[in-house]
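Work through these exercises with the model open beside you. Try each task before reading its solution.

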Amino acid sequence: MIGHLTLDEQLVALKSVLSRNEVLLEVLHRTAGLGLRGWYLTAGCLFQTVWNVATDRHPTSGIKDYDVFYFDDHDLSWEAEDRVIKTSAEAFAGLPADVEVRNEARVHLWYEQKFGAACTPYTSSEAAIDSFAATTCCLGVRLEPDGQWRVYAPHGLADVFNLVVRPNPVLAPRQVYETKTARWRRQWPELTVLGWPSESAILTRASP
């Protein structure tokens, strides 16, 4: 029933639910100490923690990794990102999980080769989160210097709490969405997965 609460109440519930994942909390606190520009802990580790709690699974069940986005367009070289990745690996040493740290300012340099679709350069970590294959994935959390949680959820939180997966056809191709949702359904059969929209529906949505 959390999905039917007010947004303020949902935000309180989100923090409460995510706090049941001790690995997630540790990643948040350790990332806050790295001084990364515009960072967020994002994607699967967040909404899958909610799914686990909602379906009475262990909070960490089925979570492959913990994704940290940051945005630094001052140096787009691989060497600069690699230095951050190596420093982060030291910070996350000892955690029972893989933490993947990526500079979203560089995504357009490799996205098409990996996924077969051109990616316009992002202008922020928020813009990168906006482009996930499902709206349910479009969620980011970080700790501010004063310890407060900053939550970025451009599509709200109702679908996350209601276990609804909705396509977001702005960048990732249909195959990416369907591959991900097939895997999620095997792990969380309680999900309601909505189908990829028709080409005409996508074009209508994209029209001004």
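**Exercise 1: The sheet**

β4 and β5 pair in the antiparallel sense over four bridges. Strands (E, at least two residues) and helices (H or I, at least four residues) are DSSP runs, numbered from the N terminus. Two strands pair if DSSP finds at least two bridges between them. The model is predicted: local features need pLDDT of at least 70, side-chain atom pairs count only at pLDDT 80 or more, and totals for chains, interfaces and linings use all residues. Residues are numbered from 1 along each chain as its sequence is written, and side-chain values use heavy atoms, with hydrogens and water left out.

Task: In what order do the five strands form the open sheet, and which are the edge strands?

Solution. 
- Step 1. Start with β4 and β5. V141 has V151 in β5 as its bridge partner.
- Step 2. Look at the hairpin of β4 and β5. Five residues sit between the strands, and G147 there takes a positive phi near 90°.
- Step 3. Move to β1 (residues 40-42). This strand pairs with β4 (residues 140-143) in the antiparallel sense, over two bridges. T42 stands opposite G140 in β4.
- Step 4. Write the order: β3-β2-β1-β4-β5, an open sheet with mixed pairing. The edge strands are β3 (99-103) and β5 (149-152), each of which pairs on one side only.

**Exercise 2: Two helices**

Task: At what angle do α1 and α3 pack, and how far apart are their axes?

Solution. 
- Step 1. Two packed helices are described by the angle between their axes and the distance between the axes.
- Step 2. For α1 (residues 7-18) and α3, the angle is about 85° and the axes are 9 Å apart. That makes α1 roughly perpendicular to α3. Angles under 35 degrees count as roughly parallel, over 145 as roughly antiparallel, 65 to 115 as roughly perpendicular and the rest as oblique.
- Step 3. Name the residues. L14, V17 and L18 in α1 meet L46, T49, V50 and V53 in α3.
- Step 4. Sort them. The contact has six nonpolar residues, one polar and no charged. Ala, Val, Leu, Ile, Met, Phe, Trp, Tyr, Cys and Pro count as nonpolar, Asp, Glu, Lys and Arg as charged, and the others, Gly among them, as polar.
- Step 5. Check the cover of α3. In this helix, 10 of its 11 residues are buried. Among them are G44, C45 and Q48.

**Exercise 3: Aromatic pairs**

Task: How are the rings of F47 and W184 arranged?

Solution. 
- Step 1. Apply the rule. Rings of Phe, Tyr and Trp (its six-membered ring) pair if their centres lie within 6.5 Å; planes under 30 degrees apart count as stacked, over 60 as edge-to-face and the rest as tilted. By this rule there are nine aromatic pairs.
- Step 2. The centres of F47 and W184 are 5.3 Å apart and the planes are at 75°, so the pair is edge-to-face.
- Step 3. F47 is in helix α3 and W184 in helix α8 (residues 174-187), 137 residues apart. Both F47 and W184 are buried.
- Step 4. Widen the view. F47, W51, W184 and W188 form one aromatic cluster.

**Exercise 4: Positive phi**

Task: Where do A43 and L163 lie?

Solution. 
- Step 1. Most residues other than glycine have a negative phi.
- Step 2. A43 has a positive phi of about 70° although it is not a glycine. A43 lies in the loop between β1 and α3 (44-54).
- Step 3. L163 has a positive phi of about 60°, again without being a glycine. L163 lies in the loop between α7 (158-162) and β6 (164-165).

Key. Axes fitted to C-alpha atoms, helices over the stretch in contact; angles between N-to-C directions. Contact = heavy atoms within 4.5 Å. Buried < 20%, exposed > 50% of the residue type's maximum accessible area, 1.4 Å probe, protein only.
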